Amino acid sequence: MLDNFARRKYDEELGVQSLVAIEDFETRAAAWEEVSGKKLQTYVGDLLDADFVYATLREFRPDAVVHFAEQRAAPYSMIDRQHAVYTQQNNVIGTLNLLYGIQETNPEIHLVKLGTMGEYGTPNIDIEEGWLEVEHNGRKDRMLYPKKPGSFYHLSKVHDSHNMEFACRIWGLRATDLNQGIVYGQQTPQTALDPRLATRFDYDAVFGTVLNRFVIQAVLGQPLTVYGTGGQTRGMLDIRDTVECIRLAVENPADRGEFRVFNQMTESFSVKHLADLVAERFPGPVQIEHLENPRVELPEHYYNVKHTGLVELGLQPHLLSDTLIESMFPIVEENKHRVELDKMLPRVRWTNPKN
Ligand code: USQ
């Protein structure tokens, strides 16, 4: 387990905290060792430090590296130039250092990298799983699916995907790109084993994701903040499926030279549908507010995604219709004193570079 604590620093910078308090790195690692009986080696360092990356790979000698070490919020990347540059530098160069580290220390290592469904954007054609068979002027080729992402953050992951595909093609590395949709939920069977293992539950308008925010807003008696018409549609998945997908990818590695892409989502929903669902399930009054959309995105569009790769490996999705959104309400109730209401409203505008 390796961390540079960047996520904790964004909290300090933005003056917010996860709704559920997060223990420090060492405490969480020790708690996991206690409940699982498995030794967890910890490293503190930064993927931007190539010497550190190489030294860690040489010492730990992994079979697979699960790489989640990226700045992951679209609004954060759109605050201003510095945040856009930081996001792309941190994400793209960190991944590049890791690719070089793997190639130079042990090219057998399987890189499992967190991408995003947002790399594709919302094209007016079916979204395939990473690759597209193209016929052009009578000739055919298999190309990386063309990308039309919606923020400098999402673009950083597009750049990563291209760098990874290149490394697989040129050096014969093996990599899996997990193009993940929007995650909802806060607990997995693993984190539920001990309160010290609790994972983040972000509610603020920069890092909080849509369904989690709607659940929190409902409990707090705040209006659900639908941006624009709410006709924008996204791929979603339950947090329990997130961890299951990583397990499946690691236990079924890509071949040498293969750049494998999985669309890690289980269902699509429009934002309006999600708001209606929360309003329906919450046992009290809920108001839905349509705010002017701070982002630039298509309000209504076609969205049809292929996502069979992980199911073929054995994923059995937790679907939203069977999931107890209700089970999230008590977690919010317990922690609602930690919420700073002024952090709920979106202030980062896509069209205003100074924000
Ligand atoms: N939205 C609202 N109201 C809100 C928050 C969001 O209407 O209060 C809308 C946004 O306009 C957008 C959609 O909900 O159309 C999703 O926004 P989000 O903030 O939940 O998700 P996004 O910015 O796309 O990013 C999140 C994660 C990111 C991950 C991505 C997967 O922060 O790390 O890569 O989901 S995906 O959306 O498939 O690109």
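Reply: Phenylalanine 5 is partly exposed, with a relative accessible area of 24%. (Buried is under 20%, exposed over 50%, partly exposed in between, using a 1.4 Å probe and protein chains only.) This is a predicted model; local features need pLDDT of at least 70, side-chain atom pairs count only at pLDDT 80 or more, and totals for chains, interfaces and linings use all residues. Residues are numbered from 1 along each chain as its sequence is written, and side-chain values use heavy atoms, without hydrogens and water.

Where does phenylalanine 5 sit? Look in the loop between strand 1 (2-3) and helix 1 (6-14). Phenylalanine 5 is not a glycine, yet its phi is positive, about 65°. Most residues other than glycine have a negative phi.

Arginine 61 also has a positive phi, near 50°, and is a residue other than glycine. Find arginine 61 in the loop between helix 3 (50-60) and strand 3 (64-67). Arginine 61 is exposed, with a relative accessible area of 67%.

Val210, Leu211, Phe214, Val215 and Ala218 in helix 7 meet Val271, Leu274, Ala275 and Val278 in helix 9. (Contact means heavy atoms within 4.5 Å.) The residues of this contact are nine nonpolar, no polar and no charged. (Ala, Val, Leu, Ile, Met, Phe, Trp, Tyr, Cys and Pro count as nonpolar, Asp, Glu, Lys and Arg as charged, the others, Gly among them, as polar.)

Notes
Helices (H or I, at least four residues) and strands (E, at least two) are DSSP runs, numbered from the N terminus.
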